[in-house]
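The following exercises with worked solutions are to be read alongside the sequence and the coordinates.

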Amino acid sequence: MNSSPVTPKRRISILGSTGSIGCNTLDVMTHLGGREAFEVPAITGMGNIELLAAQARQTGAEFAVTADPDRYADLKSALAGTGIEVGAGPAALVEAGARETDLLMAGIVGIAGLAPTLAAVAQGADIALANKECLVSAGDLFQQAIAKGGGKLLPVDSEHNAIFQVLEQDQRHAVDRIILTASGGPFRDYSRDQMAAVTPETAAAHPNWSMGLKISIDSASMFNKALEMIEARHLFGMRPDQIEVIVHPQSIIHSMVGYTDGSVLAQLGAPDMRHAIGYAIAYPRRASLPVERLDFARLAKLDFHAPDETRFPALALARTAMQRGGLQGAVLNGAKEIALEAFIDGQIGFLEMADIVAATMDKLDDGRVAQTIEDVYETDRDTRGVAASLISKSA
Ligand code: NAD
Ligand code: MG
């Protein structure tokens, strides 16, 4: 008999395949065997139809979706004759998440990633989570959905991936603190006056990591770290006072866990998102990845210093949101998304982003706890309304 068993291909869907996380994910998948090793039930993008169509052809994706309902015809014609199914708009995004898959890479930016990711969670897929907004906005509900769906939650955010790697599961009772590292961004050494005058272009130029526009600007304001503090609280079940942030300009230590015996375990690597992405894809094994190896003699020294919360008020806002609890994470995130867009559009200055977020959080501090995901969406909508009206008043 000549019936050698064929290993079934691993099925991986990618939400946000055209973005920075999405492109890095496809790069890792190509390195790990491409179409020989993987099937792609669904991929999604938004405005970059040409890239989305090229990715769909290259991976042999079964379903390609643009989030923009007006681009359906463009995507359809770009994929004519391929047999690849095409969809557009929010319902198609959710359908992409719901397509049967082993692992879903959640790489959409913002709250727009929540609904399609939850669709994948509900069908029991493992989730490689880059989209931190899922946990920031809907932390407890998201974790409950994961428990119900039965899939694994694998953090892709580099800091959380690092913690996941060094958090000893049978010693969770002995975890004292987690220490998130932050590069400090391009304005690490700027005065407040200098920060008040920066443009979106300078804010988007990250010194170490190459990332999407919004997360790059969030890194410059440290709102990215603020979201990551809340993300860490939900991922690892920490109290707010157990979550520390340290500025580490070289981004070599990706984060650390401190134990009650005084030991601190760290994960190190070159600043390259393909580490965390490859870790999540290969988990629980370790794959061979095409990332730079650290040369410690050349690195010579690693620096650390405490973050300055007067210049980076986002960190204090994260702590306030965690202490207040309820829907304040959703409010912080929604207000931050509106303020960020206003900064990108030139309506407000760099430092005003935090003022808008703080004022919106105060206005919507009603102690309410989300019972359903609809409560999260409702709060997100209310938040956007409040933040937008504060912005128009400040203009
Ligand atoms: P990006 O802007 O490069 O890509 C975002 C992707 O989402 C694109 O495919 C885009 O088409 C899609 N998208 C944008 N708006 C959308 C909408 N309204 N509806 C549906 N799809 C939409 O962003 P990124 O840097 O890849 O980041 C993606 C997520 O991963 C973010 O949540 C970010 O915080 C997180 N993350 C990114 C990095 C990184 O290195 N880039 C690191 C850690 C975490
Ligand atoms: Mg990060």
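**Exercise 1.** Describe how α11 passes α15, and determine which residues make the contact.

*Solution.* α11 passes α15 in a left-handed crossing, a term used if the near helix is turned anticlockwise from the far one by less than a right angle. Phe223, Leu227 and Ile230 of α11 make the contact with Leu332, Asn333 and Lys336 of α15, contact meaning heavy atoms within 4.5 Å. These residues divide into 4 nonpolar, 1 polar and 1 charged. The model is predicted, and local features need pLDDT of at least 70, side-chain atom pairs count only at pLDDT 80 or more, and totals for chains, interfaces and linings use all residues. Residues are numbered from 1 along each chain as its sequence is written, chains are lettered from A and ligands numbered from 1 in the order in which they are written, and side-chain values use heavy atoms, with hydrogens and water left out.

**Exercise 2.** Work out the relative direction of α11 and α15.

*Solution.* Helix α11 (residues 223-236) packs against helix α15 (residues 328-344) at an angle of about 160°, the axes being 11 Å apart. The two helices are therefore roughly antiparallel, the term for angles over 145 degrees.

**Exercise 3.** Identify the protein donors of the magnesium ion (ligand 2) and locate Asp157 and Glu228 in the chain.

*Solution.* Asp157 (OD), Glu159 (OE) and Glu228 (OE) lie 2.1 to 2.2 Å from the ion, donors being N, O and S atoms within 2.8 Å of the metal (3.2 Å for Na, K and Ca). Asp157 is in the loop between β8 (153-155) and α7 (158-166), whereas Glu228 is in helix α11, 71 residues apart. Asp157 is buried at 7% relative accessible area (buried means under 20%, with a 1.4 Å probe and protein chains only), and Glu228, at 1%, also counts as buried.

Terms used. Axes are lines fitted to C-alpha atoms, for helices over the stretch in contact, and angles run from 0 to 180 degrees between N-to-C directions. Helices (H or I, at least four residues) and strands (E, at least two) are DSSP runs, numbered from the N terminus. Angles under 35 degrees count as roughly parallel, over 145 as roughly antiparallel, 65 to 115 as roughly perpendicular and the rest as oblique. Ala, Val, Leu, Ile, Met, Phe, Trp, Tyr, Cys and Pro count as nonpolar, Asp, Glu, Lys and Arg as charged, and the others, Gly among them, as polar. Buried means under 20% relative accessible area, exposed over 50%, partly exposed in between (1.4 Å probe, protein chains only).
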